[in-house]
Structure formats: structure tokens, C-alpha cells
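Trainee: Could you show me how to read the strands of a sheet, beginning with the direction of the side chains and ending with the partners of each strand?

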Amino acid sequence: MKKIIIINGPNLNLLGKREPNIYGSLTFTEFFEELKVKYSNVNLSYYQSNIEGELIDKLHEVGFSYEGIILNAGAYTHTSIGIGDAIKGIETPVVEVHISNTFGREEFRHQSYISPNAKGVILGFGLQSYELALESFL
């Protein structure tokens, strides 16, 4: 059974409450439970932190023993050289995910420090972006 983890960065714990016009009204916990049922053949886990260093620590922890990492680093995507370097330093492939189309938003969101080291990037499909990323590992 493949081990795949979804790692979410800052403010994604507020899904379902935060800007529902952009992010929808479903909480990530509700969505994750649906994913686990649909993909019962995958050892799927989830981690979220608002703290950059904790995200880096988690990447280091799982980056040599999992088959896939789905990462939505939130705003750290556009600011964290450290997260980009962590991805470069691990063996597990990472798919960068965003719920919204970051290229349709503020210009600072057009830069990613994750993309150059990621297996791929999926954005703009709402929570389905995570499922598309998951499918890329199967």
C-alpha cells in the first residue's frame, strides 16, 4: 500500500471558514475523510502547520520513506527558500497544489520557490486539486 501524505501550510486550517468565495465551504477535515474512503487502497495521512520550520521538519521526516507528498505550502510557496531547499534535499517526489489559480490573483503569488523542485504543479481546481495530485502517484 502506497504511503502518501498531504501537507498543508498556513491558514489552510481555516478552510470552510476563510474566504469561502475562493476556498469553498468544506473543511479540509471533511474533504480528507472523503478522500480516505475513496482511496482506501492508499495509506493516506495529513499534516498541517502554520509554522514554516514545522513544515520543513515534516518534509525531512517523510521525505525518504513515503511514495508521495502533496504539498500546499500556502503563502510560504511565494516566500520560503527553506521549503524549496527541503524539497530539493529529499527523495520523495512532491506535487505542489493550490486550491485557487494563483496566477489569477495578486502578482506576488505568481512566484513559487517550490515549483522548480516539484514533480508537478496543480492549481485552480478547488479541493479537487488534491485529488488530481493523488492520482498522479497511482
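This is a predicted model: local features need pLDDT of at least 70, side-chain atom pairs count only at pLDDT 80 or more; totals for chains, interfaces and linings use all residues.

Trainee: Which way do the side chains of β4 point?

Mentor: In a regular strand, side chains alternate between the two faces of the sheet. In β4, V94, E96 and H98 point one way while V95 and V97 point the other way, and all are buried.

Trainee: Why is β4 described as largely enclosed by the rest of the structure?

Mentor: Buried here stands for under 20% relative accessible area. Strand β4 covers residues 94–98, and five of its five residues are buried, so the rest of the structure largely encloses it.

Trainee: Which strands pair with β4, and in what sense?

Mentor: Strand β3, residues 68–72, pairs with β4 in the parallel sense over three bridges, and I69 has V94 of β4 as its bridge partner.

Trainee: How many residues of β1 are buried, and which strands pair with it?

Mentor: Five of the seven residues of β1, residues 2–8, are buried, so this strand too is largely enclosed by the rest of the structure. Seven bridges pair β1 in the parallel sense with β2, residues 42–48, where S45 stands opposite I5. Five bridges join β1 to β3, again in parallel, and there L71 stands opposite I7.

Definitions and conventions
Residues are numbered from 1 along each chain as its sequence is written. Side-chain values use heavy atoms; hydrogens and water are left out. Buried means under 20% relative accessible area, exposed over 50%, partly exposed in between (1.4 Å probe, protein chains only). Helices (H or I, at least four residues) and strands (E, at least two) are DSSP runs, numbered from the N terminus. Two strands pair if DSSP finds at least two bridges between them.
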